[in-house]
Amino acid sequence: MSHQDHEGPLRHRLGRTLRTPIGVTAVAACLLVALVAVLGPVLLGDRAAQIDTDAINQGSSAAHLLGTDQLGRDIAARVVVATRLTLRLTLLAAVIGVGGGLLLGVAPAVVGRRPGRLITATVGVLVAFPGLLFLLFLATIFGVGTTGAVFAVGLAMVPPMARLVQNLTASVAGSDYVAAARILGVGRFKLVVRHLLPNIAEPSVLFATQAAGGILVAFSGLSFLGLGVQPPQYDWGRLLNEQLNRIFVNPVAALAPGAAVVLTGLMFGLVGEVLTQAGGRRAPQTPEPAPRQPSRTSGDMAADTDGGVLVRARGLRVTFPGGRQAVRGISLDIGAGEAVGLVGESGSGKSLSALALADLVPHPGSVSAGTLRFDGNDLRADPRLGTELAMVFQDPMASLNPALRVGRQLAEVAEVHLGAGRAQAAARAVDRLGAVRIPLPERRARQRPHEYSGGMRQRAVIAMGLMGKPKLIIADEPTTALDVAVQQQVLGLLAEVREDSGAALLLISHDLAVVARVCERILVMYAGVIVENLPVTELLGGAAHPYTRALVGAVPTMTTDPGTELATIPGRPPEPGETGTGCPFAPRCERARDRCHEAAPELTGFGPGRQVACWYPVGTEAAGGPVAATSYATEARS
């Protein structure tokens, strides 16, 4: 995000926040402390250092507001003069703590998996160590004095700051827009500065300013114990130490430095609250990309090349620790320019299958396949995302970086993959927004995602995929949470995009009506396997698998009798790892026989352009005689 992009809205929010009671109080406190720190040593430096043996240990008076110390020096003047040194040391320690915490906090998201785990574990151990003991340990290591105290207090702040940043970064790094930035080839430094830090700014700034108050207290405590500032220098902690033995004789002199510490700490808290309201956003896993499998040789690839097939997968599996397979060896082909729907209940493996094609399966999942090719290239060696393979994710708000303008995010694709200059990329972003029917694209390109409606955000995500020249668009539940009218607009847009670009489409949905509206062919998934592959024209009355029939029967149509009871499927889908040796649908199927529980059927041909994985498809006979048309089929015809 450029300085110009952020300056206007930030200035507006800051000005509005400063007019609130908290803002006015924070400004007044900052101005007062700054004036005291700048002018105090100039105006009262000589008075604070002046020794008067005739006025030793005097109480409060008109001449000495807080009394005098054991050398007759004015205590009030010394408290004022000590403000500059106290603040300077506090801010130095805060810079060390915040800087070190940010470095250790973002490191696990950008370094390798093993170094990241080591850093996370180290920070966890340090956070578990009692803070006060850790501070005293560091103070002993660095030695007595101002420099040692600065490093001790600053480094003691690093672990809690790093833990906060790690947690925030882990939540932000799992967002789709960060995954997209990785795929686009954005460097580690830009990934941190542009995508991670802006989205954790609010809680980080609030913590840092509040921690500055804690640093002030810690530094004053070290000086109070004699481990910090040493004579002839003095800060509030040392002044408190000097007057502690006279607290019952002259309590004002002893409490004044302590009151200065408390009030200045409150000032840091107010500053943090103002910056929180006026500045960044709180954005709540980055799943690291699954390890890629070794690429196959050109001879291996040539052996099963099929002309006209854009995507070919054979034996595609997605496995998680413990041997749990969410996708269990599916095979699929997508032709150039073809629209294929992938349907099934939630948890059937639809989205993971698509993420496997895009090399985006979250850690600790791993992808394996006998063949996994896109346009003749091994997808495991060359994912081709950003230019020829586009993803439209389910939640457009998670796919767009809330801290960046929409146009800037789209332009990044053209800059990274097409080699376009900044102005050229921005112009293409505006053009693509117009191509997806977003009105006033020039103005909309300067807005942020929260200023878009849900339908417009989904259009913007589609426009992002069109920044390159995609041959395949993978749309994962693109109409979820959209109203019916907006659904129709998005589906119509996808159809237009296909017609204009000639791209193939893999549309993932649990809504059969949505898929039938756009697609030419449908793949039905259940428990991690494809159970039927059929043309969309055969879906309503010609589905052969009982599960497909049940899905169709559960969807009412305009001709369905209002009194018709919709089909239901008893039981629940199996969890990954729960499937046994038989057909995964057998426990819920009314057509199941003994054979169904003993062996899993393969996906085999069932007429022209059709495949089904069922021992007894609808319309065939079981081993024990004809199987009556089940309620699934009856409901489907209804």
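**Contacts, helices and cores**

Colleague: Which residues does Pro478 touch, not counting residues up to four places away in sequence?
Modeller: Contact means heavy atoms within 4.5 Å. With residues up to four places away in sequence not counted, Pro478 touches Val392, Gln458, Val490, Leu494, Leu507 and Ile508.

Colleague: What pLDDT do local features need in this model, and what do side-chain atom pairs need?
Modeller: Residues are numbered from 1 along each chain as its sequence is written, and side-chain values use heavy atoms, with hydrogens and water left out. The model is predicted, and while totals for chains, interfaces and linings use all residues, local features need pLDDT of at least 70 and side-chain atom pairs 80 or more.

Colleague: What is the mean pLDDT of the chain?
Modeller: pLDDT is the predictor's confidence in each residue, from 0 to 100. In this chain 87% of the residues reach 70 or more, and the mean is 80.

Colleague: How many contacts does the model have for residues 280-305, beyond near neighbours in sequence?
Modeller: Residues 1-8 stay under 50 in pLDDT, and the model has 13 contacts for them beyond four places in sequence. Residues 280-305 are also below 50, and beyond near neighbours in sequence the number of contacts in the model is 75.

Colleague: Where does Pro478 lie, and is it buried or exposed?
Modeller: Pro478 is in the loop between strand 8 (472-476) and helix 19 (484-501), where helices (H or I, at least four residues) and strands (E, at least two) are DSSP runs numbered from the N terminus. Buried means under 20% relative accessible area, exposed over 50% and partly exposed in between, with a 1.4 Å probe and protein chains only. Pro478 has 1% relative accessibility and therefore counts as buried.

Colleague: How far apart are the C-alpha atoms of Pro478 and Phe393?
Modeller: Along the chain the two residues are 85 residues apart.

Colleague: What is the relative accessible area of Arg437, which has a positive phi?
Modeller: Arg437 is found in the loop between helix 16 (422-435) and helix 17 (441-445). Its phi is near 65°, and it is not a glycine. Arg437 is partly exposed, because its relative accessible area is 48%.

Colleague: Which peptide bond is cis, with omega near 10°?
Modeller: Most peptide bonds are trans. Pro232 lies in the loop between helix 9 (201-224) and helix 10. The cis bond, with omega near 10°, runs from Pro231 to Pro232.

Colleague: At what angle do helix 3 and helix 10 pack?
Modeller: Axes are lines fitted to C-alpha atoms, for helices over the stretch in contact, and angles run from 0 to 180 degrees between N-to-C directions. For helix 3 (residues 75-110) and helix 10 (residues 236-243), the axes are 8 Å apart and the angle is about 150°.

Colleague: Which residues of helix 10 meet helix 3?
Modeller: The helix 3 side consists of Ile75, Arg78, Val79, Ala82, Thr83 and Thr86. Facing them in helix 10 are Trp236, Leu239, Glu242 and Gln243.

Colleague: Which residues does Thr264 contact, leaving aside its neighbours within four places in sequence?
Modeller: Thr264 lies in helix 11 (residues 251-278). At 5% relative accessibility, Thr264 counts as buried. Leaving aside neighbours within four places in sequence, its contacts are Leu87, Leu216 and Trp236.

Colleague: How many residues does the largest nonpolar core have?
Modeller: A nonpolar core is a set of buried Ala, Val, Leu, Ile, Met, Phe, Trp, Tyr and Cys residues joined through side-chain atoms within 4.5 Å. Leu410, Leu433, Ile462, Ile473, Ile522, Val524 and Tyr547 have the most contacts inside the largest one, whose number of residues is 66.
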